[in-house]
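Student: I'd like to learn how to read a structure like this one. Can you walk me through it, feature by feature?

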Amino acid sequence: PKKTVTLSTPQIMLKSALFRNAFHFSGIIIPATYLFAGRTFALATSLVLLFLSGIAELLRLKGFVKAAAVKAYLKPKESRKPSGSFFYLLAASVVVVLFNRDAAIASLLILSIADPAASIVGRRFGRRRPAGKSLAGTLAFFCTALIILLFFPFSVPARIAGACVASLTELLTPPIIDDNLSVPVVTALFLQATLFLGPATF
């Protein structure tokens with residue numbers, strides 16, 4: 001007879017977190033598209049994916065689609081509202097439309113890469129949890145964001161401040177707002193402001 005392998009709750013949570021992190025990291029497809037194919041193609045990609053995601057979320061929330069495998073990887077707060085991927089695609093569409101190339105690409109890369117890094121480090125080394133987030137995870141988010149910003153033509157103070165803004169937004173975003181939406185928009189807005197203010201300020 002076949003043996004049935006039953007996963008413990010911590011194993012299920014870990015598997016779910018790893019899947020979400022991998023899915024989160026796949027978000028680099030939009031900034032990568034912007035980088036290599038241009039703004040118009042990146043916007044078209046994000047809008048098409050947003051439309052498809054919106055339909056899928058609507059069907060899920062209305063109960064027309066019941067996939068236990070999908071629900072296993074959702075956060076509890078996502079059971080009655082759109083998932084983080086929908087809000088990321090919404091944020092991607094907004095920043096591509098409203099902000100310049102460097103601010104948009106950098107902000108989307110920060111969320112796609114720094115957020116999974118923070119989750120992995122926080123689960124492995126995190127102890128204290130201000131605002132429900134581990135200090136180790138927040139530091140990992142900041143360091144990753146700073147490394148990403150090194151590849152963009154912002155001043156050193158703007159890079160440091162931008163990484164701080166992104167980290168604090170991820171840390172302090174209230175539960176009513178999804179950080180997949182707030183982090184890219186707030187970060188892009190700040191980075192755009194540093195370019196507008198010029199080297200005299202940043």
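Tutor: Buried means under 20% relative accessible area, exposed means over 50%, and partly exposed is in between, with a 1.4 Å probe and protein chains only. Before going on: this is a predicted model, where local features need pLDDT of at least 70 and side-chain atom pairs count only at pLDDT 80 or more, while totals for chains, interfaces and linings use all residues. Residues are numbered from 1 along each chain as its sequence is written, and side-chain values use heavy atoms, leaving out hydrogens and water.

Student: How do I read a pair of aromatic rings, and how many aromatic pairs are there?

Tutor: A pair of aromatic rings is described by the distance of the centres and the angle of the planes. Rings of Phe, Tyr and Trp (its six-membered ring) pair if their centres lie within 6.5 Å; planes under 30 degrees apart are stacked, over 60 edge-to-face, and the rest tilted. This structure holds two such pairs. In one, F152 and F154 have ring centres 6.4 Å apart and planes at 35°, so that pair is tilted. F152 is buried too, at 9% relative accessible area. The other pair, F86 and F87, is edge-to-face, with 5.6 Å centre to centre and 80° between the planes. Both F86 and F87 are buried.

Student: Now helices. Which residues of helix 2 are buried?

Tutor: Helices are DSSP runs (H or I, at least four residues), numbered from the N terminus. In helix 2, residues 29-37, the buried ones are I30, P31, T33 and Y34. They sit on the same side of helix 2, because they cover an arc of only 155° around the axis, taken from the directions from the helix axis to the C-beta atoms. Their cover includes helix 3 (39-61), helix 5 (84-98) and helix 6 (101-125).

Student: Is A32 buried or partly exposed?

Tutor: A32, also in helix 2, counts as partly exposed at 28% relative accessibility. Its C-alpha atom is separated by 8.3 Å from that of A42, ten residues apart along the chain. Just after helix 2, G38 takes a positive phi of about 100°.

Student: And where does F64 lie?

Tutor: F64 lies in the loop between helix 3 and helix 4 (68-71). With a relative accessible area of 65%, F64 is exposed.

Definitions and conventions. Helices (H or I, at least four residues) and strands (E, at least two) are DSSP runs, numbered from the N terminus. Contact means heavy atoms within 4.5 Å.
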